[in-house]
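Here's a short tour of a protein fold, written for someone just starting out. Have a look at the picture before reading on.

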Amino acid sequence: FGCDGSSSVSRGVAKLAGFDVKRSKGGMAIGLTCNFVNLKTKQERQMRDQKFAVQFDRKGEIFGPIRKRTKLDMENVVSFTCEYNHYFVATPTKSSLLAAGILKESKTIGE
């Protein structure tokens, strides 16, 4: 599985290896990724992995407060804890990043 764009190296390698190559156009997603050191405090030891997707938050209980505080519409929020660090990924919508001034202009790949 390769996700390296229209000039894909992995597509050429797959063809040479005799694999069928299929192309899929997916939507654009922007992921904000953070890593924090796990200090192993009592509170950190009690943390559990979390996965939230907007399609399962029909009442807005999870993403509503995020929007209120940040002005960003999230598609997904994921948090994992391991022995040495906490890993966090959030995918805000492109339109909310533009509205907040975080992205300056909207461009598609290749522009």
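How many disulfides does the count come to? Keep in mind that this is a predicted model. The answer is zero disulfides. As a reminder, a disulfide is a covalent bond between the sulfur atoms of two cysteines. Cysteines do turn up in the chain, though. Take Cys34, which is partly exposed at 30% relative accessible area, and Cys82, also partly exposed, at 39%.

**The sheet**

Now for the strands. Four of them make an open sheet, in the order S1-S4-S3-S2, with antiparallel pairing. Strand S1 (32–37) and strand S2 (50–53) sit at the edges with a single partner strand each, so one side of each has no neighbour in the sheet. Going from one strand to the next, the twist averages 10°.

What holds strands together in general? Strands of a sheet pair through backbone hydrogen bonds, either parallel or antiparallel.

Here, strand S3 (residues 74–81) pairs with strand S4 (residues 85–92) over seven bridges, in the antiparallel sense. S3 and S4 also form a hairpin, with three residues between them. On its other pairing, S4 meets S1 over six bridges, again antiparallel.

Here are some residues that face each other across these strands:

| Residue | Opposite residue in S4 |
|---|---|
| Phe80 | Tyr87 |
| Cys34 | Phe88 |

**A helix and a core**

Helix H3 (residues 63–70) packs on the sheet and touches S2 and S3, with its direction at about 100° to that of S3. Phe63 belongs to the largest nonpolar core, together with Leu72, Met74, Val77, Ala90 and Leu97, six residues in total. In soluble globular proteins, nonpolar side chains tend to be buried together.

Which residues does Phe63 touch, if you skip those up to four places away in sequence? The list is Phe52, Ala53, Val54, Asp57, Met74, Glu75, Asn76 and Val77.

**Out in a loop**

Last stop: Arg48, which you'll find in the loop between helix H2 (42–46) and S2. Is Arg48 buried or exposed? Arg48 counts as exposed because its relative accessibility is 57%, and the cut-off for exposed is over 50%. Arg48 and Thr81 are 33 residues apart along the chain, yet their C-alpha atoms are separated by 7.1 Å.

Notes: Residues are numbered from 1 along each chain as its sequence is written. This is a predicted model: local features need pLDDT of at least 70, side-chain atom pairs count only at pLDDT 80 or more; totals for chains, interfaces and linings use all residues. Side-chain values use heavy atoms; hydrogens and water are left out. Two strands pair if DSSP finds at least two bridges between them. Helices (H or I, at least four residues) and strands (E, at least two) are DSSP runs, numbered from the N terminus. Axes are lines fitted to C-alpha atoms, for helices over the stretch in contact, and angles run from 0 to 180 degrees between N-to-C directions. Contact means heavy atoms within 4.5 Å. Buried means under 20% relative accessible area, exposed over 50%, partly exposed in between (1.4 Å probe, protein chains only). A nonpolar core is a set of buried Ala, Val, Leu, Ile, Met, Phe, Trp, Tyr and Cys residues joined through side-chain atoms within 4.5 Å. A disulfide is a pair of cysteine sulfur atoms within 2.5 Å.
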